[in-house]
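Biologist: I am new to this structure. Please take me through it by question and answer.

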Amino acid sequence: MTKSQLFQFIRFLKKRDYKVFGPVYVPEDGRVVLKELREPSREMDFTGRVPYYSFKDIVFPARHNLFKYRGVEMSDFVDDSPKTAILMVNFVDLRALGLYDKVYENDAYYRALKDKILIVGTNLFENAPENNHWGFEYSREFLAHCHFDVFLETAGGKTNKKGYEGEFNVLAGSPKGGEILAEAKIKAETRIDYAGPEMWGDLKKKMDDFQQRMERHYDEPIWRWLGERCIECGQCTLVCPTCFCFDVSDRPTGKDEGVRERYWNTCFYANFSEVGAPAKAGTAGEGFEFLNTTAKKIHFWYFHKFGR
């Protein structure tokens, strides 16, 4: 697939009522962001730089209406969200996306959203310090452990300051991806079936090492040192593509009726780890907060990433 053919594919998706998102360079602040594509041939960034914000808000919205209630009766919302395509999702973010699919595998609300999203991955990835991925090298074997619908694999082109200049091999990764490619009259080189989220080789050894080091070392000086500098704003968790904690609340819209919402939450917020009634010092039956210091919250966050 040439870039020209890729742009044709994007136009094909738009004609089928997809909102198409992809990496776009914003010269005003020098960032690459993931945004809806209006003029792909002019906007799309092919440098492989990681977008400033991830796919997270598309597949797992910051605030999502679950159902309406009136008295003891409840009714689901009619899902009127548009079909969405996310293009050029790098292979590291594909791994992160797999976490959502695993955690929310049986969540009907997540599945309803995800079923309307087309994931187009790529191995185009800038090898820069800020994109540190432990020196992991891409291979097709890796793709069998990622969730995607279509994958664009670089086919020997060169990369310059303007980005990748060359063609892509087109791979299908799901029945949905195969069907959309067939409708667009694009022939996939091969189909790669999902084989599970396993890790292998040096990557697994490194993760095992992290887990062993962190599991029983929650009181190390490093956590206290970081805790003295952290203001518990939670921004790191809100932008992190591998954070998926949430809370739910009921929002009244009238007498005895309202909406139940799901919204992002973070382990750095007050009361996140509290159980029982709200804690009030000196009272019987007070609640207990597991993460009652900033240092504990930071260790918990890192341990969640590398230990669990």
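Modeller: First a definition: buried means under 20% relative accessible area, exposed over 50%, and partly exposed in between, with a 1.4 Å probe and protein chains only. This is a predicted model, where local features need pLDDT of at least 70, side-chain atom pairs count only at pLDDT 80 or more, and totals for chains, interfaces and linings use all residues. Residues are numbered from 1 along each chain as its sequence is written, and side-chain values use heavy atoms, with hydrogens and water left out.

Biologist: Which residues of α11 are buried?

Modeller: Helices (H or I, at least four residues) and strands (E, at least two) are DSSP runs, numbered from the N terminus. Helix α11 covers residues 294-306. Its buried residues are Thr294, Ala295, Lys297, Ile298, His299, Trp301, Phe303 and Lys305.

Biologist: Which strands stand at the edges of the open sheet of seven strands?

Modeller: Two strands pair if DSSP finds at least two bridges between them. The order is β2-β1-β5-β6-β7-β10-β11, with mixed pairing. Two strands have a single partner each, so one side of each lacks a neighbour in the sheet: β2 (31-36) and β11 (190-191).

Biologist: In β11, what is the bridge partner of Ala172?

Modeller: Strand β10 (residues 168-172) runs parallel to β11, joined by two bridges. In β11, Ala172 has as its partner Arg191.

Biologist: Which residue in the turn between β12 and β13 has a positive phi?

Modeller: Strand β12 (residues 246-254) pairs with β13 in the antiparallel sense over eight bridges, and Gly254 stands opposite Glu257. The two strands form a hairpin with two residues between them, and the one with a positive phi, about 60°, is Asp256.

Biologist: How many bridges pair β3 with β13?

Modeller: Strand β3 (residues 63-70) is antiparallel to β13 (residues 257-264). Phe67 has Arg260 as its bridge partner in β13. The number of bridges is seven.

How values were computed:
The expected span of a helix is 1.5 Å times one less than its number of residues.
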